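Keep the sequence and the coordinates side by side.

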Amino acid sequence: MQGFLEWWYSGVGQHISRELSVMLVSMIPLIEERGGLILAGPGFFQLPIVQGVFWAVIGNIIPIPFVLLFIKKILHWMAAHHLHSMVHVLEQKAYKNRDKIEKYGFWGLVLFVGIPLPGTGAWSGSLIAALLDMDLKRASLSILLGVFMAAVIMTFLSYGVIGSFVG
């Protein structure tokens, strides 16, 4: 992720606002809010904490309803257009975490989205919720709480721990 953030900062980030950069990076699957907050922090754009968190959270939240509402149709279309292997990988990812999410339900999804580890986050949580046919309102609230939880953790890391090494 560090290489991607350096590339973004020195390339795309020089042509658009810092805030838009943070928001857009936070919308990218797998990078998400984690990358957005690192980009906002002392090592790159040096946005004030409140601004950095605001734009990273907004960027991370924007894709959630689209994933929840349309991912099944998109996966079906992909499978019909010779992208079976990619669909299979995405479905396997969702079903791999099925037991944990179903065991703990609402709070399991909050923790899955909220603990910023590779392969977790709003995109993955939304994919899992959609493929497991979770209630849309409960899944949305669970994912939002997870996004806020991840924001707290990543703000501490980005502006505190990581920032002290980079800045």
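This is a predicted model: local features need pLDDT of at least 70, side-chain atom pairs count only at pLDDT 80 or more; totals for chains, interfaces and linings use all residues.

Residues are numbered from 1 along each chain as its sequence is written, and side-chain values use heavy atoms, with hydrogens and water left out.

Start with the largest nonpolar core. A nonpolar core is a set of buried Ala, Val, Leu, Ile, Met, Phe, Trp, Tyr and Cys residues joined through side-chain atoms within 4.5 Å. Buried means under 20% relative accessible area, exposed over 50%, and partly exposed in between (1.4 Å probe, protein chains only). The largest core has 24 residues. Leu75, Leu109, Ile143 and Val147 have the most contacts inside it. Two or more of its residues come from each of helix 5 (63-80), helix 6 (84-96), helix 7 (98-114), helix 8 (122-131) and helix 9. Helices here are DSSP runs (H or I, at least four residues), numbered from the N terminus. A second core stands separate, with 15 residues. Trp8, Ile31, Ile38 and Ala40 are among them.

Now look at Leu75. Contact means heavy atoms within 4.5 Å. Leaving aside neighbours within four places in sequence, Leu75 is in contact with Val87, Leu90, Glu91, Leu127 and Leu131.

Leu75 also takes part in the packing of two helices. How are helix 5 and helix 6 arranged? They pack at an angle of about 145 degrees, and their axes lie 7 Å apart. Axes are lines fitted to C-alpha atoms, for helices over the stretch in contact, and angles run from 0 to 180 degrees between N-to-C directions. Helix 5 brings Leu75, Met78 and Ala79 to the contact. Helix 6 brings His84, Met86, Val87, Leu90 and Glu91. By class, this contact has six nonpolar, one polar and one charged residues. Ala, Val, Leu, Ile, Met, Phe, Trp, Tyr, Cys and Pro count as nonpolar, Asp, Glu, Lys and Arg as charged, and the others, Gly among them, as polar.

Ser142 sits in helix 9 (residues 136-166). Is Ser142 buried or exposed? Ser142 is buried, because its relative accessible area is 0%. Beyond residues up to four places away in sequence, Ser142 touches Phe106, Leu109 and Val110. Leu109 is one of the core residues with the most contacts.

Next come the spaces. On a 1 Å grid over the protein atoms alone, a cavity is a set of points where a 1.4 Å probe fits but cannot get out, and a pocket is an open set with protein on both sides within 12 Å along at least five of seven lines; lining residues have an atom within 4 Å of a point. Grid points are joined across faces, edges and corners, and a volume is the space filled by probe spheres set on the points.

The structure holds one cavity of 30 Å³ or more. The largest share, three residues, comes from helix 3. Helix 3 is mostly covered, with nine of its nine residues buried.

The largest pocket has a volume of about 270 Å³. Of its 13 lining residues, Pro29, Leu90, Trp123, Ser124 and Leu127 lie nearest its centre. Helix 5, helix 6 and helix 8 each give two or more residues to this lining. Helix 5 has the largest share, five residues. Ten of the lining residues are nonpolar, one is polar and two are charged.

The second largest pocket holds about 190 Å³ of space. Asn97, Lys100, Ile101, Tyr104, Gly108, Leu111, Phe112, Ile115, Leu117 and Thr120 line it. Six of these are nonpolar, three polar and one charged.

Finish at helix 2 (residues 18-26), the place of Glu19. Glu19 touches Leu47, Gln51 and Trp55, not counting residues up to four places away in sequence. Ser21 is also in helix 2. Ser21 counts as buried because its relative accessibility is 0%. With residues up to four places away set aside, Ser21 touches Trp8, Gly13, Ile16, Leu39 and Phe45. Trp8 belongs to the second core.
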